Amino acid sequence: MDIIILLGAPGSGKGTLAQRLTQLAPSMRHLSSGDLLRDAVKSETPAGRQAKAAMDRGELVPDTLIGEMIRDFLAKADPSATYLLDGFPRTRPQADMLDAILRDSNATLRAAVLLDTPEDILLDRITGRRVCPACKTVYHVTTLQPATEGHCDTCNAPLIQRDDDKPETVKHRLAVYNETTAPLIDLYARRQKLITLPANGSADAIADAFLAALPPAVP
Ligand code: AMP
């Protein structure tokens, strides 16, 4: 198993890129920490109940809570696949937890890919984002519209706006990113794992640039 970390602020397009890559490269799988948490909140698991208040405020959930969810997920993951980690790690302790998970599962870190996006574009992307609550496909009110307005192309469910994508919470999430997650960029640069992609083009152009920049998997 190998891992590619997707780094970037909320709204930088990590989820959309992962979605596109899983269509282009069948060995790639999308693992979104936010989706894991939202599913746990919806199913009212103990972890979900613990995470909900922090998520509603746009703050991070405790490191051990999300770290254990990622570890449990990867313990059952397909050993021949490449996992695109979207949203994890987000803090230095989480990066250390990921190192331990990789060691324990004999997995390798292939790259940490930073989607570099100007802040005005981030705000527009997040507040215009709509998601399918059933299959998690991501849309945008102007740049990535479904065929039928307001409904998912895949399962026809009515699209929703995530509570934490509302403007009042978004500014706080960006501040949390700048303070807590952005330092991981230096960490992976020092380890010579960082690839930076300008992320203001189309989803297809970013996916192509990603695949062209990616080093081969370690056998
Ligand atoms: P996302 O879908 O990645 O934007 O995540 C939505 C929310 O889930 C975040 O604002 C956090 O509250 C929580 N979350 C997701 N991933 C993590 C993580 N790695 N560490 C802490 N909180 C997280």
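Where is P46 found? P46 lies in helix α3. Helices here are DSSP runs of H or I with at least four residues, strands are E runs of at least two, and both are numbered from the N terminus. The model is predicted, local features need pLDDT of at least 70, side-chain atom pairs count only at pLDDT 80 or more, and totals for chains, interfaces and linings use all residues. Residues are numbered from 1 along each chain as its sequence is written, and side-chain values use heavy atoms, leaving out hydrogens and water.

P46 is exposed, at 63% relative accessible area (exposed is over 50%, buried under 20%, partly exposed in between; 1.4 Å probe, protein chains only). P46 and D35 are 11 residues apart in sequence and 16 Å apart in space, C-alpha to C-alpha.

Helix α2 (residues 33-42) and helix α3 (residues 46-57) have axes that come within 8 Å and cross at roughly 115 degrees. Axes are lines fitted to C-alpha atoms, for helices over the stretch in contact, with angles from 0 to 180 degrees between N-to-C directions. On the α2 side, G34, L37, R38, A40 and V41 meet G48, A51, K52 and M55 of α3 (contact means heavy atoms within 4.5 Å).

An open sheet is formed by 5 strands in the order β2-β3-β1-β4-β7, with parallel pairing. Strands pair if DSSP finds at least two bridges between them. β2 (28-32) and β7 (194-198) stand at the edges with a single partner strand each, so one side of each has no neighbour in the sheet. The twist averages 25 degrees from one strand to the next. Strand β4 (residues 108-116) pairs with β7 over 5 bridges. L114 stands opposite T196 in β7.
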